[in-house]
Amino acid sequence: IEHARYMSGGPISEGVHRMPMSPIDRKIAMMRKRITQAEIGRRTGFSQTYVHEVVKGTRRSAVIEAAIVRAIGLKPADVFPPRDAVEPDPEPAALA
């Protein structure tokens, strides 16, 4: 249902508990806004590979997540799961 709702571009009712996007929904939302993982990487100083891992959900980065959320124009809770025990983001240079 969530996938269909995001695919249709239809509104999501306020007050309804909703799950964050799945990785494929995040990719589709980025494609609809014509934003690439490489562009998010350039904006944040991280590699496209690291951005891909965040989109896929295998890594977390507050910086990358915020850039993706801004680019697709949704609320953070609609795009990514809550950040509970969050470790600080690594410096982009440390990932090279």
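**Getting oriented**

You are looking at a predicted model, in which local features need pLDDT of at least 70, side-chain atom pairs count only at pLDDT 80 or more, and totals for chains, interfaces and linings use all residues. Residues are numbered from 1 along each chain as its sequence is written, and side-chain values use heavy atoms, with hydrogens and water left out.

The chain has six helices and zero strands; helices (H or I, at least four residues) and strands (E, at least two) are DSSP runs, numbered from the N terminus. Read from the N terminus, the order of elements is α-α-α-α-α-α. The chain has 96 residues, and 32% of them count as buried. Here buried means under 20% relative accessible area, exposed over 50%, and partly exposed in between, with a 1.4 Å probe and protein chains only. Contacts (heavy atoms within 4.5 Å) give another view: among those between residues at least 6 apart in sequence, 47% join residues at least 24 apart.

**Salt bridges**

Side chains of opposite charge can pair when their charged atoms come close. A salt bridge is a side-chain nitrogen of Lys or Arg within 4 Å of a carboxyl oxygen of Asp or Glu, and a search of the whole structure finds four. Among them are these:

| Glu 39 | Arg 42 | 3.1 Å |

Glu 39, Arg 42 and Arg 43 are linked in a network of salt bridges. Helix H3 (residues 37-44) holds both Glu 39 and Arg 42, which sit three residues apart, about one turn of the helix. Glu 39 and Arg 43 are also both in H3, four residues apart, again about one turn. Glu 39 is partly exposed because its relative accessibility is 25%, while Arg 42, at 59%, is exposed. In the Glu 65 pair, Glu 65 is buried at 6% relative accessibility, and Arg 60 is partly exposed at 31%.

**H3 beside H5**

How do H3 and helix H5 (residues 62-72) pack, and at what angle? Their axes are 10 Å apart, and the angle is about 120 degrees. Axes are lines fitted to C-alpha atoms, for helices over the stretch in contact, and angles run from 0 to 180 degrees between N-to-C directions. H3 and H5 are therefore oblique to each other, given that angles under 35 degrees count as roughly parallel, over 145 as roughly antiparallel, 65 to 115 as roughly perpendicular and the rest as oblique.

From H3, Ile 40, Arg 43 and Thr 44 meet Val 63, Ile 64, Ala 67, Ile 68 and Ala 71 of H5. By class, this contact has six nonpolar, one polar and one charged residues. In this grouping, Ala, Val, Leu, Ile, Met, Phe, Trp, Tyr, Cys and Pro count as nonpolar, Asp, Glu, Lys and Arg as charged, and the others, Gly among them, as polar.

**H3 beside H4**

H3 also crosses helix H4 (residues 48-56) at roughly 110 degrees, their axes coming within 8 Å. That makes H3 roughly perpendicular to H4. Gln 37, Ala 38, Ile 40 and Gly 41 of H3 meet Gln 48, Val 51, His 52 and Val 55 of H4. These residues divide into four nonpolar, four polar and no charged.
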